[in-house]
Amino acid sequence: MADNLTVLLDESGIKRALTRISHEILERNKGVQDVVLIGIRSGGAFLAEELAQSIAMIEGAAVPVGAIDITLYRDDIKSHTSRLPVGKTEIGFSLQGKKVVLVDDVLFTGRTIRAAMDALMDHGRPECIQLAVLIDRGHRELPIRADFVGRNVPTSLKENVQVIFSAQNQPLEVVLEK
């Protein structure tokens, strides 16, 4: 591994973090009644699937899972319009009155989460929105905080945190690039 990369979480560390987050989601919501998971494309969508599998193993009940693309809700859309491919939003159920757990891989400035909440509201009015992230690296620009965090990793603005996924969209490791 290059000198400028540090592994923050390996595959088993990610699994432990997601299992803990699954338990915390179940505790906070007193089970899975009216709970839905919505992952932010692309890393968050993959992690939402992992969380759904973990919750199903723990609780013995399935949780609906969807994915949302926030491209058109970004506050920097005008500066990136020609370069940003628009992904697919897949929410095959109503959000009305649901406890939505929004899932993302890395929480940084909070702007992605703000865009995701705007996008969610176009799909219905949930009872509440909770936020689950694998990594919280700090440096918020908006008053947004995660309800469920796999790991807090203080970083400098010059560093980058990336979740590496396999070809089958399984999380393999989290790396810090200096």
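A: **Side-chain contacts, one by one**

Thr71 is buried, at 8% relative accessible area (buried means under 20%, exposed over 50%, partly exposed in between, with a 1.4 Å probe and protein chains only). The model is predicted: local features need pLDDT of at least 70, side-chain atom pairs count only at pLDDT 80 or more, and totals for chains, interfaces and linings use all residues. Residues are numbered from 1 along each chain as its sequence is written, and side-chain values use heavy atoms, leaving out hydrogens and water.

Thr71 sits in the loop between strand E3 (65-68) and helix H3 (77-80). Helices (H or I, at least four residues) and strands (E, at least two) are DSSP runs, numbered from the N terminus. The Thr71 side chain makes a polar contact with the side chain of Asp69, at 2.8 Å. Such a contact is a pair of N or O atoms within 3.5 Å; within protein, one must be able to donate a hydrogen and the other to accept it, and residues adjacent in sequence count only if both atoms are side-chain atoms.

Now the charged pairs. A salt bridge here is a side-chain nitrogen of Lys or Arg within 4 Å of a carboxyl oxygen of Asp or Glu. The count by this rule is 9.

One of them joins Asp147 and Arg28, 3.0 Å from N to O. Asp147 lies in the loop between strand E5 (128-136) and strand E6 (148-152), and Arg28 in helix H1 (residues 11-29), so the bridge ties together parts 119 residues apart in sequence. Both ends are partly exposed: Asp147 has 23% relative accessible area, and Arg28 has 41%. A network of salt bridges links Arg28, Asp147 and Arg145.

Another bridge runs between Glu141 and Arg111, with the closest N and O atoms 2.6 Å apart. This pair also links distant parts of the chain: Glu141 is in the loop between E5 and E6, Arg111 is in helix H4 (residues 111-121), and 30 residues separate them. Glu141 is partly exposed at 47%. Arg111 is partly exposed at 31%.

A further bridge stays inside one helix. Asp118 and Arg114 meet at 2.4 Å, N to O. They are 4 residues apart in helix H4, so about one helical turn separates them. Asp118 is partly exposed at 35%, and Arg114 counts as partly exposed at 22%.
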